[in-house]
Amino acid sequence: MSDTENTATKAGTGNRNFTGLVIIGICIILAGFIVAGAYKYKFRTRQTIRVTGSAEKDFTSDLIAWNGSYNRTDFDLKTAYAQLKQDESNVKNYLTRKGIQPNQMIFSSVKIDKIFHSNYNQETRSTTTTFGGYNLTQNVKVESNDIAKVEALSREITELIETGIELNSPEPLYFYTKLADLKLDLLAKAAEDARKRAETIAKNTGGALGNVVKANMGIFQITGKNSNEDYSYGGTFNTSSKNKTASITVNLECVVE
């Protein structure tokens, strides 16, 4: 090959190498734009806001439960049991006279406990145990939708004590049988409240609210109406007040576009 041909060949090879380098450079630049654009898009779609919505509603209980217990103590088990069964009959008759239906009364089984007394002798420094008899206890429960009637019963039940029955009677408990429907209604209102809060935040920060990426229910509480009960992390469920307030929270995480 002549010197002229050799020089031409080297020149062609150099041109091809330069063109290849230019193409590679362009590809690197384009790849950089693509990666940067993808990162910017990815970063933008990850912009979210988290809000908490809430809702509450006042309601009145529609079910009341009254509980009572009575007991008898005797050294003879049969005697104590006979006395307790007579008390059961007297309690049942009393509740019937007060307008309580048989299907609204629930009598528990009889609980039997043995009583023992410990006696310490200081001279011998020893303790002896003596038998003190049998203590028999029975519980009675009344459940009714007639709240006024059972409330009156809980106040007048001391009449039984005057007949010789050792009756213990705490305050009645109040419940609501449509709690599931109430909870669903509050969930919908709390979610709507959370959505409005998120829209307000997005609008005032120059963005627009996108899709919800996460949603979960917060704490469901039932407290006495107009009470100062403390709220609990696990939820408070008031049973001592007839008039109550139910509240719930909903947590939302939404995309800001």
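Student: Where is Phe 75 found?

Tutor: Happy to walk through that with you, keeping in mind that this is a predicted model. Phe 75 sits in the loop that links strand E2 (63-74) to helix H2 (77-97). Its relative accessibility is 57%, so Phe 75 counts as exposed, given that the cut-off for that class is over 50%. Together with Phe 116 and Phe 131, Phe 75 makes a nonpolar surface patch of about 340 Å².

At 29% relative accessibility, Lys 141 is partly exposed. The C-alpha atoms of Lys 141 and Ala 65 are separated by 7.0 Å, although the two residues are 76 residues apart along the chain. Leaving aside residues up to four places away in sequence, Lys 141 touches Ala 65, Trp 66 and Asn 67, and also Gln 104, Met 105 and Ile 106. The side chain of Lys 141 also forms a polar contact of 3.0 Å with the side chain of Glu 143.

Arg 125 is not a glycine, yet has a positive phi of about 55 degrees. That is worth a glance because most residues other than glycine have a negative phi. With 70% relative accessibility, Arg 125 is exposed.

Asn 226 lies in the loop between strand E8 (209-224) and strand E9 (243-256), and is exposed at a relative accessible area of 74%.

Notes. Residues are numbered from 1 along each chain as its sequence is written. This is a predicted model: local features need pLDDT of at least 70, side-chain atom pairs count only at pLDDT 80 or more; totals for chains, interfaces and linings use all residues. Side-chain values use heavy atoms; hydrogens and water are left out. Buried means under 20% relative accessible area, exposed over 50%, partly exposed in between (1.4 Å probe, protein chains only). Helices (H or I, at least four residues) and strands (E, at least two) are DSSP runs, numbered from the N terminus. Patches are made of residues with over 30% relative accessible area and no salt bridge: like charges are joined within 9 Å, nonpolar side chains (Val, Leu, Ile, Met, Phe, Trp, Tyr) within 5 Å. Accessible areas come from the Shrake-Rupley method with a 1.4 Å probe; for residues, only the protein chains shown count as cover. A salt bridge is a side-chain nitrogen of Lys or Arg within 4 Å of a carboxyl oxygen of Asp or Glu. Contact means heavy atoms within 4.5 Å. A polar contact is a pair of N or O atoms within 3.5 Å; within protein, one must be able to donate a hydrogen and the other to accept it, and residues adjacent in sequence count only if both atoms are side-chain atoms.
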